[in-house]
Amino acid sequence: MAENQQENGETESAGAAAPVKMNVLAQFVRDLSFENILAQKGSQGEVQPDVQVQVNLDAKKRSADHQYEVVMKLKIESKSKGTDTTLFILEMDYAGVFHVENVPEEQLHPFLLIECPRMLFPFARRIVSDITRDGGFPPLNLEMIDFVQLYRNEIARRQKQQAATGGGEQKLDA
């Protein structure tokens, strides 16, 4: 009887979906700009920075099977709280090439825009810290980004925009 249960267990697991496979094949800085405006214009006394971070994500299929490129675009602007004078602007496009298999089609878009950026974020965070430090400022350690909430906000924004324009159902492209 134990053999029969084992056979049934193997049959059931063989019928289940294959596990998701994701590998980071490459990651790289596609574009980077750092403007130290404070150094260019000079400083007048004590400066208290107010840092604003904007994050945009993009994903696209590559020509090779199961390969996708995901780009995290960061725009970080630091202004002085008292004078609203810009201290620095950092813009970076950080990309990763991923091999992704066994993700159902309807789940691929959120997977690419949530899970892949989670893999890239620690590396992008380190670059931002190093660039701001090397640019003459205290190292900027970005707080963790909730990519699930970022994705939900973008879906809601697109649905609102679609309703405002009166368009039909629109598919989100990955």
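## Strand S2 and its partner

Lys61 has Tyr68 as its bridge partner in S3. In this predicted model, strand S3 covers residues 67–80 and is joined to S2 by 13 bridges, the two strands running antiparallel. Strands of a sheet pair through backbone hydrogen bonds, in either a parallel or an antiparallel manner.

The four strands make up an open sheet with antiparallel pairing, ordered S1-S4-S3-S2. Strand S1 (21–36) and S2 are the edge strands, each pairing on one side only. From one strand to the next, the twist averages 15 degrees.

Helix H3, residues 105–134, lies across S1, S2, S3 and strand S4 (86–101). Relative to S4, helix H3 runs at about 140 degrees.

## Val55

Val55 is a residue of strand S2, which spans residues 49–61. Val55 has a relative accessible area of 17% and therefore counts as buried, the cut-off being under 20%.

Apart from neighbours within four places in sequence, Val55 is in contact with Met72, Lys73, Leu74, Ile145 and Leu150. Between Val55 and Leu150 the C-alpha to C-alpha distance is 8.6 Å, with a sequence separation of 95 residues.

## Whole chain

The protein chain has four helices and four strands, arranged along the sequence as α-β-α-β-β-β-α-α. Of the contacts with a separation of 6 or more, 68% are between residues 24 or more positions apart.

Buried residues account for 30% of the 174 in the protein chain. The accessible surface is about 11,500 Å², and carbon and sulfur atoms contribute 46% of that surface.

How values were computed:
Residues numbered from 1 in each chain as written. Predicted model: local features only at pLDDT ≥ 70, side-chain atom pairs only at ≥ 80, totals over all residues. Heavy atoms only, no water. Buried < 20%, exposed > 50% of the residue type's maximum accessible area, 1.4 Å probe, protein only. Contact = heavy atoms within 4.5 Å. Areas by Shrake-Rupley, 256 points an atom, 1.4 Å probe, with all protein chains shown as cover. Pairing = 2+ DSSP bridges. Axes fitted to C-alpha atoms, helices over the stretch in contact; angles between N-to-C directions.
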